[in-house]
Structure formats: structure tokens, C-alpha cells
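Welcome! Have a look at the structure below, and then we will walk through a few of its parts together.

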Amino acid sequence: MSEDKTISPETPAPEPVSKAPETPAPAAPEPRPVPAAAPAPAAAAAAAPKPAVPAVPAAPPKPAGPKPTDASGKPLVAALAAAVPGSVLDAYEFVGETTVKVDPGKLVEACRHLKDAEGFTYLVDLTAVDWKERDPRFDVLLLLHSFSRGQERLRLKAAVGESCPSVTGVWLTANWMEREVFDMYGVRFDGHPDLRRILTWDGFQGHPLRKDFPVEGIDTGAAIYPERYPEGGGPGPKDPNRKVLS
Amino acid sequence: MSESLVHYVLVPFVKGLLTVILVATAAGILTWIERRGLGRLQIRKGPNRVGPAGFFQWIADVVKLVFKEDVVPSRAEKVIHLLGPLLLFTPAVVVLGLVPWGPEVTLFGVTTPLHAAADLNVALLLILAVSSIGVYGIILAGWSSNSKYPLLGGLRSAAQLISYEVPMGFAIVAAVLMAGSLSMVEIIEAQKEAGIWFVFPGLVAFFLYFVSGVAETNRTPFDLPEAESELVGGFHTEYSGFRWAIFFMSEYGNMISIGAIATTLFFGGWLRPFPNVAWLSFLDVIPPFFWFAGKVFLFLLVYIWFRATFPRYRFDQLMALGWKALLPISLANLFLVALAALWGAAGLKVLGAVLVLLVAGGLVAAWRRPARASVTTRMAAEKVEVRA
Amino acid sequence: MSFLDRVLLLDIFAGLRVTARHAGRKADTIEYPEQSKEPSERFRGMFRLDEERCIKCTLCAIECPINIIYIDWHTEKTPEGKAEKKLDRFDLDMKRCMFCGLCEEACPTNPRSIWLATKTYELGVYERDEALYLDKSKLTKWDGNVKPYPGVDPDKAPVNPAKEK
Amino acid sequence: MSETTPGTAAQFPPLEGPPLLGLHEMELNFGPQHPSTHGVLRLVLKVDGERIVSARPDIGYLHRGTEKLFETETFPMVVPHTDRMDYVASATNNHAYVLVVEKLLGVEVPKRAQYIRVLLDEMQRISSHVLWLATAALDLGAITPFFYTFREREVILDLFEEYCGARLTLNCMRIGGLPVDLTPGWLEKVRAFTEPFEKNVDEYEELLTENRIWKQRTIGIGVLDEKRCIEWGMTGPVLRAAGKAWDIRRAIPYEVYPELEFDIPVGKNADTYDRYLVRVAELRQSRRIVLQCLDWLEKNPGTEIRGKVPRVIKPPAGEAYAAVEAPKGELGFHLVASGGNKPYRLHVRPPSFINLQALPEMAQGHLVGDLVAVIGTIDIVLGEVDR
């Protein structure tokens, strides 16, 4: 219509964004932000005992972004390390959230301690992350909430292979969350009462949220009955119902 | 052609045919009334595409249902599956045939009551007997469908219909006591003689009858055998096409017959209001049949109003209501009415006056009390504030 | 609730009163095919493309969360000797579109070259593949498949607030 | 197991002795196509007559792999996908997602944008609760509230349409702020909406709150006390009906909630009736918040709706979790970033999914009709359960 509308002079440089669709998510097996190795500058760690998580983290909006700081000195973490020896591998604080790396073998014990002694009665979230090329391939993340400790939240992180101890004995709510992780990642939870697939169907092949599972999905029919399903789905090659659209 | 042939064959045939046609047509029109009425109460319009104000919607529905494929579940009991709707529909028509729609009329030179069947002296007993046959239709329909939801619906209705027959029967007995007869026509005549409709002395009986009637017809808040949100469709889940339409028609036929019986027993049938008050005789310009029809229609409107307003009872609560509340009340009421009837017409009048005064007084007392705090305001008073 | 209330069924009558009160009110519904609500100015409806204004930056295609926009262009020399991008293809898989409007937000021209604020929402068709896989000719000039919303100029593109200042 | 289900279940002791003809229990397939499973929930029920012996939810019929899709999108492109989880409350979905990214980025959101976000959230809460009220009443056989409550919802959807151009899948928040500013006159329309609102809610209450049938159907049904609620991870109105005054808007405040005045309605008996009361009371509280937001926005006109956000959003590597109080409960996003422009892993903590988990315990021992009431008052949206 309006024929000579001025095209905006500065053609936006599409270079940074245009790469977006092509670049797959960096599958760098780099596990986690290394918690700044040594005890970090204490300036940023000032927020450590603050119970409530602020909506906007206190970290200044520098281009570098917030940095994780060591949190192994926090009383909570220290108490956990003392109560369940060998459970705490590492602890750091990042954007106001405390994360404790836990030895998977001690996970249940640590959870029980946190629930019974520290009042983390509410398991907010349990999920996993797939680091495809790392050796213990998965991280299982647990987010705990304590009503009695001033709404404090704590994240536990356990690097596991394809099996992980189940915390359903500690929190009932872990039941479906673990089933979901099993369904999506294939992490088996030892001791889970009813470890079945939950979101995909029972005969489904593969674990969709693994990084090596294609986004567009797999032909599940063909995966199970390769003799009956042609590649790409639909009726088989000899099926009279098969219509080839050109 | 002898007169007896006309009297015993032609006239009953015509009247019977008229009843069947009337039930079927009225059921159709009632669906339209119900849908429009619900629309009114629910600030929407209801059907409004076919014909003026959507009136011909019911014909379109009938046409659709007739031509719809009649699906019978694969392992259903075919014969009983077919029998179910018929067993429900037939009693609905028969009951309506036993209710007088007006005083005597002349048909083919024969004077006959406006009545599908004759004026039986045991009409009420027959009505009670016939109407309880309908429950077989529902049970068999539910059972023969070979499906679990209909089975549950059928079982529910078996228990429900049988339970509510009892208070309903006692409510009817109260009316019979007041009239001293089981014949429908005589009950109406008795109301004319007594000078009041039986609804006043029989206020409780009427209430019980109507509530049980709502339960008997499986209407909200007692629509458990159908219970769409629980049992999908209840006993008629597996029915389609015209068989389903027959269920539908019998539900509306039952509604009409409950309304018609309530009108006859408690509201003076075809009589105009205050049949003994002479200066109201200008009301006689409306023929008796229309008085009757108008009263029945009001009952049907109340049915629709109920449906728009109430949630549904749960099954065990429904049974508890029937056995623990309605049955004792109906017995007590029967005792009271019997005492009044012993006294005679004056006793009925006194009882009616007392009941009306009691209810009015209660309503006034309730009205004058300070407004009750709504429950949520009570909750706000118990508020808890948590500040981080 | 007091005993009196229970005996007199006041709760039951309260409910009946509410429904009866509504019986006198006007219906709140509208009769859709005859009447319809006018969508708001920002309503995200059918797409419109202005080919001349488009600078072929493909930002819309990049920003689309479900990759339903496909753009091809080539460079041509104009008579004045300037290089100019010419649009070869601008395809949009309308049947998968979720009308999030991120493409419109990404469009850098002022007014927008691709926009959804056409108020047109009646997009039902019988042949899903043919009608709703739209190429640039159908986007710049709607054919019979898309009826423009009455009274709205489908070529009136919204301004770009980022370029207004 | 049976200890955990108080309520009317006690009236129906289990049948004793050997099953007659092996017919004590019947398996009943409840859903996925059933009028009151609110979508495609399937429950495998074992019923003894009509009494529920056990219920086993079977979910996943609406699974769309949203979390996998998240990993393929850049950060701004994720927002429209979040709309489609809890599709009756998409504003809160958007909000939870942008919060977690902002947390990782360390972006300061302008105050005006925060107020508008809260305003949208609360209107969304009203529309979601109103829809809940409609469907829960419908489940229990009361059909009319459904039509009345749609008036409210319709007005809210119209207002949303005017603000952001969509009625249901709003896509109305952006990382760092909002996509667009308010249209002139919008605030007045919202105020006009709030005026008859209180009266309308009174009307719904008049239909239901004191109604004996409604009370009989809901009181003592689906009881899950506070301890069990926390054990099952229940949040939102279900937890509050159990007497725990816990609301993320207060407990872990986000945006401008600390500046706003509102109460947290709590119940006592943890049954479906209290859940109903809590939600109705929340309708009124949400209106209060909406009015406060309107006051602030009218006093502080401005145009600042977006904070300083880099053109390409690349949060630093690390994990973050942010949650909002969605109408159904705690809706959280668990983000694991690896430094790229796409989330490496974005996990949703959907309140419906977690709350649905306790359904077997809540329904056990009740009748089939109660199951419907329990499903109704947990308030699930299958789009969120299955994602």
C-alpha cells in the first residue's frame, strides 16, 4: 500500500539472533558453574542468611551476571555435613539460592535429616538434567522448602547415572515427580513403589527429554513393530489404504 | 352400529390415541419450553434458530432422532435392550390416561368423562401400581446395555424409585383420607364440596408428594440415575436414536403425570379457584380443561426452575432423605390429616388455616431476623496474615 | 443456620430467588453469525504482509517459536544501480500458528511490515492444507479464503513504538 | 491407607466375608472422555457398588513435550509456549517464566510494569477461580452458576484482549517487563468491572454457600489435613483450605506484593466445602488487589514498561527457581542455563500435576459422586498436568 514508506535505515544486524535457530543448545558437558573455587569474596555472600528469596536478586545487573559463591560455611550446610558425614560434596549460593551437591549414595539419608531435623517438610520440585557427555550423566535436582525456617529453600543436587535412590520414603510427593524423571530421562529410582511411565504411554521407546532424543520425536510404532510400520509412519507399504501424496 | 360398540370400542380408542399423541407432542413441546425456560433463567436465549423463538426445534430434534443410527452395544441383551424404553414409556402414558382432564364431554353422541380410561373407583391404586412398573424399564435398560455406567444408573434408580414410592404413597393416602375416595373424579368433587383445595390442609402432603414426584421422575436435584457429571448418561448412556427419544419422552410424560396427579389431588383438578365462591364465577369462561392444563403447566415450570437452581444430591443422601426425613414426616402428617378428616370439612379448614398461619409466621420471623453473615465473611474474620 | 431456617427451607428459597431474579434479565449472549463482537485494536488475528515495506531481515522467521515462517529472497540491481533485496517466498503455515504475535514485535520497520492487528478471525476453511499454507501473494492480498473484517482496512499496519521516539 | 480418608467413608464399612460371586469390586474406567474429568484425565477406579476402593490416575493424554520444546527455543520465544500449560490462567504462567529468567539475568523490572503484572495476575486469578466455580458447580449438578460466572470471565477476557490482543493465550509478559503499555481508558474499564463484582459473587454464594444440598455434597468430602497436604506437596487453595495460611505472594514475595494489602483466606476442615469457601474468598481478595493496583497506576502514570534487557538474552550458567502463586497453587519454573541463548533445561513445577497426585487418597472410600466433587475442587487443568 503506502508505497514509499521509509524503510528503517539501520537494517538490523541479524547476526547474533539469526544464529539462534541453528545453534543447538550448547551441550557442553561442563557440569555446573564451578563455585568460584576458593571461598569467594565475602561481599556477595552477605545475603546468605536471608531467608526469603528476593524477587530480583541483589546482584547488580553487570554484563557478567551473578556469580556463584561458596556456601559450605552456612550453618545449615555445615549441620548437614556433620549429621550425615560424607553427604555434602560441595555447596554454593547463586542468585540467592543455596545449592548443595550431595553424594547420591547418601541422598536419602541427607533428605531424611533435612526433613526431620531441619524442617524441610515440603518437597517443592524434583527434576533432572541431562549432561549428555558427562560421566554420571544426570543431575537430579531436589528443591526443598521449610515452613519453620522462615520459608527457606534449599536445592540438593546429585550427579547420578541411570539409577538413583528414591526419596519417596521421605516425601510422598516425590512419587509422581520421580516417575516423571524416569519417564523423561530413564533414571531408575531404586526403592520407588510404582516406577512406571507417567506422561508417555507404557510401550513408549526412549526417554524424550534426553539430549539425544530428537525434538521432532520418533516414530514409536516403527520403533516397536519395525516390520509393520514403514519409516515415517502411516499404513505399511503393502497396505491398500496407503496413499502416496505427491 | 350399536351404541355399545361406539361406547366400548371407538370412544376409548380415540381417547387412548389422543393420550399417546398428547404425551408425545407435549413431551416435545416441553423440551422446547424447558430449554427456553432454562435459557431465561440462565441469561441466555436457548434454541432460537428453527422457527419463531426456536419453537420447531423439537420437531427438528425428533426428525434427527428418528433418522439417527440405532446403536446397540455389541454384547447387549438385544430384546431387553429394546424392551427397556417401552417399559418406561407405557406406564407414563397409562398413568396420564387415568387422570381426568375435565368434566364430562360428549363425544360421538356419547357422554363420557374427559378421561382416557374410565373413571375407575380405584384409579389412585392403579396409578401407584402402574407407575412403579416404570422402574423395570430403567433397571432393564441399565442392565441390558452391558456397560458399567448404565448398570450403576439402573441400580441407583431402582433404589431411588422404590424408596420414594413410599412417602409418595403416604402423601396420596393423606389426600384420599380427606376426600374419602380413591376415584380421581370424586376427589375433585370432594374438594368442591369441602370448599377448599386440599393443598391447604394437605400442605405437608403436597410438599411430600411433589418432592417425591421430582425424585420419581429423575429430575434435578434427584437426577441421580442420569447424573450427567457422574455417570455420563446413567441408564440411557448406551441408547441412541429413537430408543433414546422414547426415554426422553417418558421422562417428560412422567413429569406431566406427576403434575396432573398433584393438580387433581391437591389443586382441585379442572376446578377454577374457589369453586364455591359465586362472585368468582366469571372465571368459568375458561373451560375446565384449560384450568387443568394451566395448573399442570405451572408445575412443569417449577420443575424447570428447580433444575436451574439446585445441585444434585448424592446417592446415599438421597436415600437418607427419603427414608429418614420424608417417610417419618409423611407418617406424622397422615396422622394429623386423619384426625382432621375425622372431624369433617370443618376440621380440614382448621388444619389448613393452622398450617398456612404457621408457615406464614415462620417466614415473617425468618424475615425479621438480622441478616445472617455469609460464610465467607466469617472466614475473613478468621483471616491469618503471614508477612515474610 | 437456625432450626427455623432449616424447617422453612430458606436456603432452598434463596437459591430459587436468585434464579427467578435472573429470569427478567436480558440475555447476556450474542447471536454469533449475525452479531459479533468487534475485536480490540490489538487483537491478534489474520496476518497481513506489506511486501514493499518488508526489508527481508527474516527477524520474524527467527523469532517465530514454532518456525512457521519461511522467507527466501535474492538481490537485484535496480536501474539506479543500487542493490535491492527481492522477496521470492514468504510462506506462512497458518494452521500451525498460535497467534503469539512475536513476529510482529520483531518486525523492525515502521509501520510494521507483517502484522496481525487486522481484526480478522474467521479463518475456518474446508481444505486445511491448501487454504492455510499461505504464500506471499495470499498474505499481501487476501483471496476468497479470508474475508476481511468489515470496516477495517486490512492494510492499516500498527506503528512500531520502538521507532516512534 | 484407610486411616487417611475421614469423612463419610466411615458410614460404609467394607464388606466382610468372601466376595459374593467374586463381585465385590468392579473396575470402572472413569475418563478420559467423561463429562467431569475436566479434560482428558483417566481414572481407573475399583468400586464396590458405588464406593471407591481405589483410584488410579492415568495421565499423559495431553502430553505435548513442552519441556522438550523449551530447550529448542531462545529465551523470549518460550513465553508463548507457557501460555498453553494452564490455559485458563496464562498470565501467571508467563509471569512465573519471566521471573525465573529475570532472576538469573538480574534484571530490574520497572515498578509500573510490576504493578501491571500483578494486576494481570489477579484478574487472571479471578477468571480462573470463576471458571473453577462454574465447573465445580456443574460437576455437582448445579448448572446455572456456569452461565452466571461466564459474565465475569467474559469481561475479563475482553479486557485482556484489549490489553494484549488475545483472550486466552495471552503471551502478555516479556523478560524484563511487558510487551505493550496499557491502552488509554483501560484502567477505567477495569474499575468498572470491579464495581458489580462483589455483588455478583454474593449472588453465586446465595446459590451455593448455604444451600443444603451443596453443603451435604461438599462438607466432609475429600479431606486431606494440613500435614498430609504438605506431605503430598499440595499448594494453593487446597493447602489453605486445610488451615495453612501459606501463599507465595506473602511467603516468598515477588513483584510488588509486599506493598499490597490482602488477606489469605484459610479454611479449617480441609474438605471440599472449605476449598470452595477459600476460592470464593480469594475472589474478593483478588478484587481488593486489583483495586489497589488501579489506584497506584492511576496515581503514577508513566510509560516505563520494560527494564534494561540485553538484545540477546543469555543468562549466566547456573540454576534458578522462581515461583508464583498461580490460581491452582505454586507454579514454579526450574531453569538450568548453560550460558547459551536457550534454556538448557527448563522444568515446570505444575501445581495441578502435584495436586492431582493426592486424588486417590482424597477419593478413597467416597462414592463416585464425591469423586467428581473432589476432582472439581482440586482444580486441575490437564494442559498443565500433562504439559
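In this predicted model, chain D holds an open sheet of three strands, in the order 4-5-6 with antiparallel pairing. Strand 4 and strand 6 of chain D are the edge strands; each has a single partner, so one side of each lacks a neighbour in the sheet. From one strand to the next, the twist averages 15 degrees.

Strands 4 and 5 of chain D are joined by nine bridges in the antiparallel sense, and D:Gly318 sits opposite D:Ala337 of strand 5. Across strand 4 and strand 5 of chain D lies helix 3 of chain D, at about 150 degrees to strand 4.

Which parts of chain D touch chain A? The contact involves 54 residues of chain D and 46 residues of chain A. Several elements of chain D each supply at least two residues to this side, among them those in the table.

| Element of chain D | Residues |
|---|---|
| Helix 3 | 90–105 |
| Strand 4 | 318–326 |
| Strand 5 | 329–337 |
| Strand 6 | 345–349 |

Helix 3 of chain D gives the most, with five residues. By class, this side of chain D has 23 nonpolar, 16 polar and 15 charged residues.

Now turn to helix 3 of chain A, residues 107–118, where A:Leu107, A:Val108, A:Ala110, A:Cys111 and A:Leu114 are buried. Seen down the axis of helix 3 of chain A, these buried residues fall within an arc of 165 degrees, so they line one face of the helix. A:Asp116 and A:Ala117, on the other side, are exposed. The cover over the buried residues includes helix 2 and strand 3 of chain A. After helix 3 of chain A comes A:Gly119, with a positive phi near 80 degrees.

How values were computed. Residues are numbered from 1 along each chain as its sequence is written. Chains are lettered from A and ligands numbered from 1 in the order in which they are written. This is a predicted model: local features need pLDDT of at least 70, side-chain atom pairs count only at pLDDT 80 or more; totals for chains, interfaces and linings use all residues. Two residues are in contact if their C-beta atoms, placed from the backbone, lie within 7 Å. Helices (H or I, at least four residues) and strands (E, at least two) are DSSP runs, numbered from the N terminus. Ala, Val, Leu, Ile, Met, Phe, Trp, Tyr, Cys and Pro count as nonpolar, Asp, Glu, Lys and Arg as charged, and the others, Gly among them, as polar. A residue is buried if 20 or more other C-beta atoms lie within 10 Å of its own, exposed if 12 or fewer, and partly exposed in between; C-beta atoms are placed from the backbone. The arc is that of the directions from the helix axis to the C-beta atoms. Two strands pair if DSSP finds at least two bridges between them. Axes are lines fitted to C-alpha atoms, for helices over the stretch in contact, and angles run from 0 to 180 degrees between N-to-C directions.
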